[in-house]
Amino acid sequence: MFHTLGALQIPRGMVWSDEFGWSRVEKSLEYSVTGAALIDAGVRLAGRPITLQGEVEAGWIRRGALTALQALADSDPTGEHALVLADGRTFTVQFAPGLAVEGKPVARPELPVESYPYVATVRLITV
C-alpha cells in the first residue's frame with residue numbers, strides 16, 4: 001500500500017506531518033476608533049498544505065522515486081496532480097512554492113543506486 005501522486009508511488013510511511021496545522025476558516029480582528037471589535041471571517045477554498053515527511057526511523061523513499069518526484073516538480077511546477085493517500089483520501093494538489101522536494105540519503109553512499117533509501121519531504125498544496 002502506497003500514497004500515489006499521479007502515477008508515482010510514495011511510501012505510506014511518509015506521514016502527512018501538517019495535517020492538523022491548517023484551518024479552513026480565516027479570521028482577522030481589528031478595533032474601531034470607538035473600541036468595538038471588528039471581526040472579518042472567511043472560508044479558504046484551497047491552499048491546504050500536505051507535507052509528506054519521512055524520518056530516519058521510518059518512511060524511507062528509494063532514490064529512483066525521489067528522482068522522479070523531483071523531475072515532476074521541476075518539469076510541471078504549476079500542474080495539478082491527483083494525490084491518493086494510502087488510507088484512500090484523495091486531493092487535487094500541486095507542488096508547494098519554494099523547496100517542494102527534499103531528500104537526504106540514509107547514510108553517505110559514494111555512488112548511490114536507484115534503490116538506495118532516502119529520508120525525504122514532499123511539500124504539496126491543495127488546489
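**Salt bridges, rings and strands**

Student: How accessible is Arg89, in relative terms?

Tutor: Arg89 counts as partly exposed, because its relative accessibility is 32%. Here buried means under 20% relative accessible area, exposed means over 50%, and partly exposed lies in between (1.4 Å probe, protein chains only).

Student: And what sort of model is this?

Tutor: It is a predicted model, in which local features need pLDDT of at least 70 and side-chain atom pairs count only at pLDDT 80 or more, while totals for chains, interfaces and linings use all residues. Residues are numbered from 1 along each chain as its sequence is written, and side-chain values use heavy atoms, with hydrogens and water left out.

Student: Back to charges, then. How many salt bridges does the structure hold?

Tutor: There are 4 salt bridges, a salt bridge being a side-chain nitrogen of Lys or Arg within 4 Å of a carboxyl oxygen of Asp or Glu. One of them joins Arg89 to Glu19, with 2.8 Å between the closest N and O atoms. Arg89 lies in the loop between strand 8 (81-84) and strand 9, and Glu19 in the loop between strand 3 and strand 4 (25-31), so this pair ties together parts that are 70 residues apart in sequence. Helices (H or I, at least four residues) and strands (E, at least two) are DSSP runs numbered from the N terminus.

Student: Is Glu19 buried or exposed?

Tutor: Glu19 counts as buried because its relative accessible area is 18%.

Student: What about Glu26, which side chain does it meet in a salt bridge?

Tutor: The partner of Glu26 is Arg44, with an N to O distance of 2.1 Å. This pair links distant parts of the chain, 18 residues apart: Glu26 is in strand 4, and Arg44 is in the loop between strand 5 and strand 6. Glu26 has a relative accessible area of 41% and is therefore partly exposed. Arg44 is partly exposed because its relative accessibility is 30%.

Student: Changing topic: how many aromatic pairs does the count come to?

Tutor: The count is 2 aromatic pairs. Rings of Phe, Tyr and Trp (its six-membered ring) pair if their centres lie within 6.5 Å; planes under 30 degrees apart count as stacked, over 60 as edge-to-face and the rest as tilted. Trp16 and Phe91 form an edge-to-face pair, 5.4 Å centre to centre with 80 degrees between the planes. Because Trp16 lies in strand 3 (residues 15-16) and Phe91 in strand 9 (residues 90-95), the pair ties together parts 75 residues apart in sequence. Trp16 and Phe91 are both buried. The pair of Tyr116 and Tyr118 is also edge-to-face, because the ring centres are 6.2 Å apart and the planes stand at 85 degrees.

Student: Where is Tyr118 found?

Tutor: Tyr118 belongs to strand 11 (residues 117-126). Tyr118 is buried because its relative accessibility is 7%. Apart from residues up to four places away in sequence, Tyr118 touches several residues, including Trp60, Arg63, Leu66 and Pro112, where contact means heavy atoms within 4.5 Å.

Student: Why is strand 11 largely enclosed?

Tutor: Strand 11 is largely enclosed by the rest of the structure because 7 of its 10 residues are buried.

Student: With what does it pair?

Tutor: Two strands pair if DSSP finds at least two bridges between them. Strand 6 (residues 49-53) pairs antiparallel with strand 11 over 5 bridges, and Leu52 faces Val122 there. Strand 10 (residues 101-105) likewise runs antiparallel to strand 11, with 5 bridges, and Gly103 stands opposite Ala120. Strand 9 joins strand 11 in the antiparallel sense over 3 bridges. Strand 7 (residues 61-62) is antiparallel to strand 11 with 2 bridges, and Ile61 has Tyr118 as its bridge partner.

Student: Lastly, how many residues lie between strand 1 and strand 2 in their hairpin?

Tutor: The hairpin has 2 residues between the strands, and Gly6 in the turn has a positive phi of about 65 degrees. Strand 1 (residues 2-5) and strand 2 (residues 8-11) run antiparallel and are joined by 4 bridges, with His3 opposite Ile10.
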